[in-house]
Amino acid sequence: MSADLRTTYMGIELAHPVVPSASPLTGDLDTLRRLEEAGAPAVVLPSLFEEQIEHEEMEVARLLEFGAESFGEATFGYFPELDDYATGPGTYLDLVNRAKSTLSIPVIGSINGTSKGGWIKYGKLIEEAGADALELNIYFIPTDPKMSTAKVEQQYLDLVMSVKESISVPLAVKIGPFFSSIPYIAHRLVESGADALVIFNRFYQPDIDIDDLKVRPNLQLSSSTELRLPLRWTAILHGRIEASLGVTTGVHTSEDVIKLLLAGADATMMASALLHDGPDHLRRVVSGVEQWLTDNEYQSIEQLKGSLSQASSPDPGAFERANYMKTLVTYAGPFV
Ligand SMILES: Cc1cc2nc3c(=O)[nH]c(=O)nc-3n(C[C@H](O)[C@H](O)[C@H](O)COP(=O)(O)O)c2cc1C
């Protein structure tokens, strides 16, 4: 009998834990269909960005103002309401709507920003367009040395609270790894309303071109070596917070998925691997997970989940500082 691959992620039952993460692949109906055919148990759509929304709203406001000066009708409601405009956000809501009517798997919408403001009403609009859940990606890069850690964290919490208040579908919060205490911020985000945490945002570090002395954006796909950071924090957070754990960054193979499940992930998220190898890669990864479970006599994902988390591990120190010193002093390479 084959193993039961089902998992529950923020209250939603998934057929298995390998979910296509937000990327251009999930922003197109054809590739969404191909992902579903390859067995995706849910999809996370690309984000609607705070900047996109604000830009569109400013443009529309400018048009309305221009129109109001030019045409008397404007004052009598000649111009359509903002939400009726075929703007960027409108196109996004249309994508949610069409994804939902085309696919039979759960569709998770995504908004991406940093500050509380009018843009967060799009969380509700995405829900109304049919999304089964919402992912809020908070990608904040503090640059002001006078902005305290407490203030940065409060900004995250305020944003999560505002979004949570405005929606009734489950909310996942996607964060980066740069906090003084990940368990503390994780706990506070959950207290503020996150039903799942998605760890970790992959920060795209700009590069400097030394020929023309310009700063260049630089997007490179990940590799499995990047899994170690979320792997450690999944193991530490599992069982310590009252929320599901979705894990992103460095998930490429069935081995990566199994490691994360052992550490305690409820869902694993894949973008680079699918962008590199195409939607069918998902099927291969899932079948590798299934084979491993059978070979190792596991009946279900639930049985495996978290069995090597820090709380359950026979060697909890392996996830902490204890292992750090041992790793450094026992290093052996070609010159030592
Ligand atoms: C081209 C590209 C576009 C992405 N767009 C989004 C996005 O719109 N919203 C988001 O939350 N993450 C976005 N991501 C991040 C991925 O969802 C994922 O979290 C990240 O790439 C790490 O996972 P990976 O190692 O599987 O690539 C994007 C990634 C790539 C490569």
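Hi everyone, and thanks for coming. Please keep in mind that what we have on screen is a predicted model.

Let's start with the ligand. How many residues surround the ligand? There are 21 of them, and the closest are Ser-21, Ala-22, Ser-222, Ala-271 and Ser-272. Of the elements, α9 has the largest share, with three residues. And what is the shell made of by class? Eleven of its residues are polar, eight are nonpolar and two are charged.

Now to the nonpolar core. As general background, nonpolar side chains in soluble globular proteins tend to be buried together. In this model the largest nonpolar core has 88 residues. Inside this core, the residues with the most contacts are Val-43, Leu-134, Val-173, Ala-194 and Leu-197. Which helix gives the core its largest share? That is α8, residues 254-263, which supplies six residues.

Setting aside neighbours within four places in sequence, Val-173 is in contact with Leu-136, Ile-138, Val-160, Leu-189, Ala-194, Leu-197 and Val-198.

Next, please turn to helix α7, residues 228-237, and its partner α8. The axes of α7 and α8 come within 8 Å and cross at roughly 25°. An angle under 35 degrees counts as roughly parallel, and α7 and α8 are therefore roughly parallel to each other. Where do they meet? On the α7 side we have Leu-231, Thr-234 and Ala-235, and on the α8 side Lys-259, Leu-260 and Ala-263. By class, this contact has four nonpolar residues, one polar and one charged.

Is α7 mostly enclosed or mostly open? Seven of its ten residues are buried, so α7 is largely enclosed by the rest of the structure. The buried ones are Pro-230, Leu-231, Trp-233, Thr-234, Ala-235, Ile-236 and Leu-237. What covers them includes α6 (182-191), β8 (196-199), β11 (244-247) and, once again, α8. Following α7 you will find Gly-239, with a positive phi near 85°.

First, a cis peptide bond joins Ile-199 and Phe-200, with omega about -5°. Phe-200 is found in the loop between β8 and β9 (207-209).

Thr-249 is not a glycine, yet its phi is positive, about 100°. You can find Thr-249 in the loop between β11 and α8. Is Thr-249 buried or exposed? It has 24 other C-beta atoms within 10 Å, and 20 or more is the cut-off, so Thr-249 is buried.

Glu-297 also has a positive phi without being a glycine, at about 60°. Glu-297 sits in the loop between α10 (281-295) and α11 (301-304). With 8 C-beta neighbours inside 10 Å, Glu-297 counts as exposed.

Ala-267 lies in strand β12, residues 267-270. This residue is buried, with 30 other C-beta atoms within 10 Å. Which residues does Ala-267 touch? Not counting residues up to four places away in sequence, they are Thr-7, Tyr-9, Leu-14, Pro-17, Val-19, Ser-244 and Gly-246. For a sense of scale, the C-alpha atoms of Ala-267 and Glu-165 are separated by 24 Å, and these residues are 102 apart along the chain.

The other two places are both in helix α2. Met-58 belongs to α2, residues 50-70, and it counts as exposed, with 10 C-beta neighbours inside 10 Å. Between the C-alpha atoms of Met-58 and Trp-119 there are 12 Å, with 61 residues separating them along the chain.

The C-alpha atoms of Glu-56 and Gly-90 are separated by 9.8 Å, and the two residues are 34 apart along the chain.

That's my tour, and I'm happy to go back to any of these views.

How values were computed:
Residues numbered from 1 in each chain as written. Predicted model: local features only at pLDDT ≥ 70, side-chain atom pairs only at ≥ 80, totals over all residues. Near = placed C-beta within 6 Å. Helix = DSSP H or I, 4+ residues; strand = E, 2+ residues; numbered from the N terminus. Nonpolar A, V, L, I, M, F, W, Y, C, P; charged D, E, K, R; others polar. Core = buried A, V, L, I, M, F, W, Y, C linked by C-beta atoms within 7 Å. Buried ≥ 20, exposed ≤ 12 C-beta atoms within 10 Å, placed from the backbone. Contact = placed C-beta atoms within 7 Å. Axes fitted to C-alpha atoms, helices over the stretch in contact; angles between N-to-C directions. Parallel < 35°, antiparallel > 145°, perpendicular 65-115°, else oblique.
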